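Thanks for coming. I have one structure to show today, and I will keep it short.

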Amino acid sequence: MANIQEKISKICPSVTFEEGETLLVSVPEKDWRMLAVALKENADLNFDVLTALIGMDWKDSLGVIYYFTSTARNWEMLSVKVAVEDREKPMIHTVSDLWKVANFQEREVYDFYGIEFIGHPDMRRFFLRNDWVGYPLRKDYDANPDLNPIRMEDEENEDDSHTLVEMPDGSIKRVETKVFAPEDYVVNIGPQHPSTHGVMRFRAAIDGETVTKVDVVSGYIHRGIEKLSEGMTYPQTLHFTDRMDYMSAHMNRHCLCMCIEKALGLEVPKRAQVIRVMMDELMRISSHLLAFGCTSMDMGATTCFFYGFREREMVLDIFEKTCGARMSMNYNVIGGVIADLHPDFVKDVKALIEVMPKALKEYHKVFSGNVIAKNRMVGVGMLSKEDAINYDITGPSGRGSNWSCDTRKKHPYSAYPDVQFEEVLEEGCDSYARYMVRMREIEESVKILEQLVDNIPEGEIRAQVPKIVKLPAGRWYQQVEASRGAFGVYIESTGEKTPYRLHFQSPCFNLVGVMDLTCRGNMIADLIVIGAALDFVIPDIDR
Amino acid sequence: MAVKSPAIRSMKHEDFKDNAYIDSLVEELNATGANVVVGKLDQLINWGRANSLWPLCFGTSCCAIEFMCLGAARYDMARYGAEVARNSPRQADYIMVQGTIVHRMAPVLRRLYEQLAEPRYVIACGGCAVSGGPFKNSYCVLPGVDKILPVDVYIPGCPPRPEAMFYGLMQLQRKIKVQKFFGGANRKEKIDEFFAKHSSEVGKY
């Protein structure tokens with residue numbers, strides 16, 4: 001770390017460092033752009049992944065916290081803080097041309113905090129209507145419902161956008177732009193569409209049948225979870241995680257619990273760790289089965305949907321017996337899990353382990369080798385490894401582009417260091433590769449369950465946790481491998497009972513960011529297949 | 001003559017817990033009596049309508065996944081004649097609101113409702129659709145869809161179990177089976193009344 005400090009202060013002498021969980025580099029806004037270019041392109045630094053981009057309001061200043069990862073240097077992480085004091089017209093230089101993933105994330109920050117990014121090509125709101133008054137995640141946001149009543153008139157299609165251009169003399173000029181050109185023929189898909197896997201809306205410009213541009217309109221299920229969390233105690237915030245990506249409910253909650261435990265310095269009992277990992281893997285199986293069913297149903301193979309759900313019900317039964325619910329389990333708590341395993345748990349898991357390989361064989365026979373399925377998926381929605389890294393596409397979609405990015409391997413957590421499993425990689429870079437990664441990951445999850453099911457250690461299921469959970473002042477970032485990629489939780493605490501800022505970095509948010517890239521040049525009918533193979537969950541994007 | 005409890009042959013009165021509403025509805029509908037011919041015709045139409053309830057696919061979050069389980073083999077919605085989930089509101093009979101409705105979605109939902117063909121029904125499924133659920137206090141969440149739509153059946157739960165969804169569906173079937181379409185209460189007028197009453201309220205939330 002000292003090494004990195006030296007290098008950074010050589011490039012940019014005005015920075016200050018703050019030791020913490022990860023090294024925090026504070027850089028003045030005027031030097032930020034220079035440092036960003038160096039972080040990306042300097043061979044010694046080489047931070048090629050922008051893991052998280054978090055808008056912040058520190059009351060006296062607004063700003064952004066960036067988390068970078070260097071895949072070349074053993075997934076080392078670095079955080080950077082950029083703050084501006086102007087609350088009227090805060091502006092920060094964009095990094096969306098260096099790390100493409102920042103494109104949507106900077107729009108999110110603009111939406112929540114009103115920070116405009118100089119040089120960002122398309123500065124529009126992302127989640128809220130464009131006639132929304134105020135920036136809701138600012139600490140001085142006026143929540144008076146008279147300002148933002150439920151508007152029942154239809155929303156105007158927002159074709160107007162703007163970009164801030166920096167002139168050679170240093171002044172900033174606002175340039176009005178259009179999302180689509182006047183000659184574009186635009187087809188609207190969603191928000192209520194069965195194949196968008198939720199309430200996502202795409203506007204696709206087409207030339208004949210070929211897609212030339214996709215504009216993502218999100219926010220149809222934006223519930224403001226991050227703002228709500230700021231008014232709740234830590235144990236109260238837990239239940240939101242189950243309702244974001246409901247198909248990785250256990251993993252998301254595991255992540256938030258681990259982040260809080262890390263801040264508290266809690267040691268989780270071994271039994272609880274093993275239970276958590278087993279639940280995570282069961283959840284992964286259930287999620288990939290649903291993805292299998294829905295992908296095939298989107299292509300018209302309705303029968304596969306019934307096959308996938310047949311096995312999924314077995315997993316749900318296991319959850320129901322132990323957690324008391326089929327979905328939104330609310331099982332992990334700070335320090336461990338809420339209840340001990342049901343007496344039938346081991347028996348049920350063994351039954352599942354026995355059934356799954358046979359079922360997978362059946363799926364492959366029915367669907368994977370099917371000539372129609374192959375024609376629709378092979379070579380459709382190409383995403384190169386470089387793009388996957390630049391857009392931070394983790395999870396099965398990233399591994400379908402042959403990018404080794406499994407958080408369980410890169411930053412091992414909980415009981416994962418003790419189990420043997422293979423990181424599934426495919427070289428196809430297309431929709432079929434993503435689909436196959438999911439199917440093979442089910443096998444790996446079964447392998448993990450096999451190793452653990454007879455070796456669940458005896459002991460406590462929960463560590464002793466103080467009655468009132470108060471985190472010390474500081475900031476923490478924790479990642480887990482959710483069903484759809486690396487899920488991150490960022491907590492900034494000032495020592496209170498409630499988080500000062502709680503940010504969820506969801507994998508699906510990045511996935512939807514590549515829709516434009518992967519759909520261009522494909523047929524309009526393939527847009528549905530590409531979306532299904534990327535397998536995003538909309539409430540996870542919108543939060 | 002005293003009003004008899006609704007005689008739905010396939011769905012017995014004593015099998016259900018919540019009968020007060022359906023009793024009062026029958027009382028209201030039968031207040032002016034019913035013509036024998038028209039009454040029989042009504043029964044026939046209601047029999048058809050109640051047993052082929054086609055839902056509109058409208059799931060915004062978690063409840064939609066449970067709704068998919070309803071369609072799959074284990075729970076098999078086809079037993080109720082409700083398996084034909086339509087993607088276009090023009091072909092659907094009722095809208096089952098599954099999940100949170102936020103400010104941006106509210107006008108879209110109202111538009112979808114208006115596009116449903118008469119007679120149309122609304123089921124609010126899950127805590128979020130009933131009252132805003134855990135997100136009630138958020139800056140952009142609707143505290144229940146009954147603020148913008150006339151709701152027929154509420155199904156609580158987060159998400160409701162498939163059995164609960166079936167119970168809700170059966171309540172809707174019962175409601176349809178006792179309704180009168182000839183000469184009785186005019187549903188359309190009531191819906192217009194609802195919108196007139198709520199248009200001033202909508203801005204408040």
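This is a predicted model: local features need pLDDT of at least 70, side-chain atom pairs count only at pLDDT 80 or more; totals for chains, interfaces and linings use all residues.

Let me start where chain A meets chain B. The contact takes 37 residues from chain A and 38 residues from chain B. On the chain A side, the elements that give two or more residues are α4 (225–229) and α8 (302–323). Of that side, α8(A) supplies the largest share, five residues. By type, the residues on the side of chain A that touches chain B are 19 nonpolar, seven polar and 11 charged.

Now the core. In soluble globular proteins, nonpolar side chains tend to be buried together. Here the largest nonpolar core has 204 residues. Which residues have the most contacts inside it? They are V64(A), I95(B), V97(B) and I123(B). The largest share of this core, 14 residues, comes from helix α7 of chain A, residues 270–298. In chain A, domain 1 (2–179) and domain 2 (235–510 + 525–542) each give at least three residues to this core.

Take I123(B) as an example. Leaving aside residues up to four places away in sequence, I123(B) touches Y94(B), M96(B), V97(B), D152(B), V153(B), I155(B), G168(B) and L172(B).

Last, helix α3 of chain B, residues 62–71. Is this helix mostly covered or mostly open? Mostly covered: 10 of its 10 residues are buried. Among them are C62(B), E66(B) and G71(B). What covers the buried residues of α3(B) includes α8 of chain A, along with β2 (94–98), β3 (121–125) and α6 (162–177) of chain B.

That is what I have.

Note on methods. Residues are numbered from 1 along each chain as its sequence is written. Chains are lettered from A and ligands numbered from 1 in the order in which they are written. Two residues are in contact if their C-beta atoms, placed from the backbone, lie within 7 Å. Helices (H or I, at least four residues) and strands (E, at least two) are DSSP runs, numbered from the N terminus. Ala, Val, Leu, Ile, Met, Phe, Trp, Tyr, Cys and Pro count as nonpolar, Asp, Glu, Lys and Arg as charged, and the others, Gly among them, as polar. A nonpolar core is a set of buried Ala, Val, Leu, Ile, Met, Phe, Trp, Tyr and Cys residues joined through C-beta atoms within 7 Å. A residue is buried if 20 or more other C-beta atoms lie within 10 Å of its own, exposed if 12 or fewer, and partly exposed in between; C-beta atoms are placed from the backbone. Domain bounds come from an automatic or database domain assignment.
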